[in-house]
Amino acid sequence: MRRLRVVAAVAAAAVLGAAAATPGEPPGPGGSAAERAVDGDRSGDGGLGGFGGLGAVGGVTGLGGPGGFGGPGGPGAGRLRTLAGVLRQDRPGSGWYLVGGAHLALGLEVAYADHQQIVLRFPPARRVVSVLCGPDETYAPLGYSCGASVSLDEVRVRLGRGGRLADPTATAAGRYANFWLLGIVEQR
């Protein structure tokens, strides 16, 4: 076992030593190997095709990411639109709204709420990447959850509590309790 530890320590030292300084190339600021080109790539992004460290998210450079969406600066990148908002109802039955002031609503408006769901609308999209919904620090400890079903122009939010559907018209946990929404769609 001791011999295995010594071999592992020597191997680790050799790898770290090689990464710290490459002959003929001065170390970058702070001597970090991460700041130098990877495998001869001089783009400055470590060979990740302009994704700034998130190459796996965008897929192969030039081919777009999952579902054919382009990466930042690539085809389709300028057509992505963010949907975001903070959903709140001050008292049961008072009506759901998107909070303004300290929060910013992007591309969404509340259409209506009934005993099953809260419906929000947005300008028609070509495709939907994703829409996420989550309870804040007030709703979460009370056992609330939320989920979004999304079409090309509408988000339908359903609330749950304790593993069962919760009636949105009867749900309110206080003046500052929220459900957070964040989504991305491709514009037409």
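A salt bridge is a side-chain nitrogen of Lys or Arg within 4 Å of a carboxyl oxygen of Asp or Glu. The structure above holds five of them, and Arg 79 makes one with Glu 186, with the closest N and O atoms 2.4 Å apart. Keep in mind that this is a predicted model, where local features need pLDDT of at least 70 and side-chain atom pairs count only at pLDDT 80 or more, while totals for chains, interfaces and linings use all residues. Residues are numbered from 1 along each chain as its sequence is written, and side-chain values use heavy atoms, leaving out hydrogens and water.

**Around Glu 186**
- Arg 79 sits in the loop between helix H2 (55-58) and strand E1 (80-88), and Glu 186 sits in strand E9 (residues 179-187), so their pairing ties together parts 107 residues apart in sequence. (Helices, H or I with at least four residues, and strands, E with at least two, are DSSP runs numbered from the N terminus.)
- Glu 186 also pairs with Arg 126, at 3.2 Å between the closest N and O atoms.
- Arg 79, Arg 126, Arg 127 and Glu 186 are linked in a salt-bridge network.

- Glu 186 is buried, at 1% relative accessible area (buried means under 20%, exposed over 50%, partly exposed in between, with a 1.4 Å probe and protein chains only).
- Arg 79 is partly exposed at 38%, and Arg 126 is partly exposed at 46%.

**Another pair**
- Glu 154 forms a salt bridge with Arg 121, the closest N and O atoms being 2.9 Å apart.
- Glu 154 lies in strand E7 (residues 154-161) and Arg 121 in strand E4 (residues 118-121), 33 residues apart.
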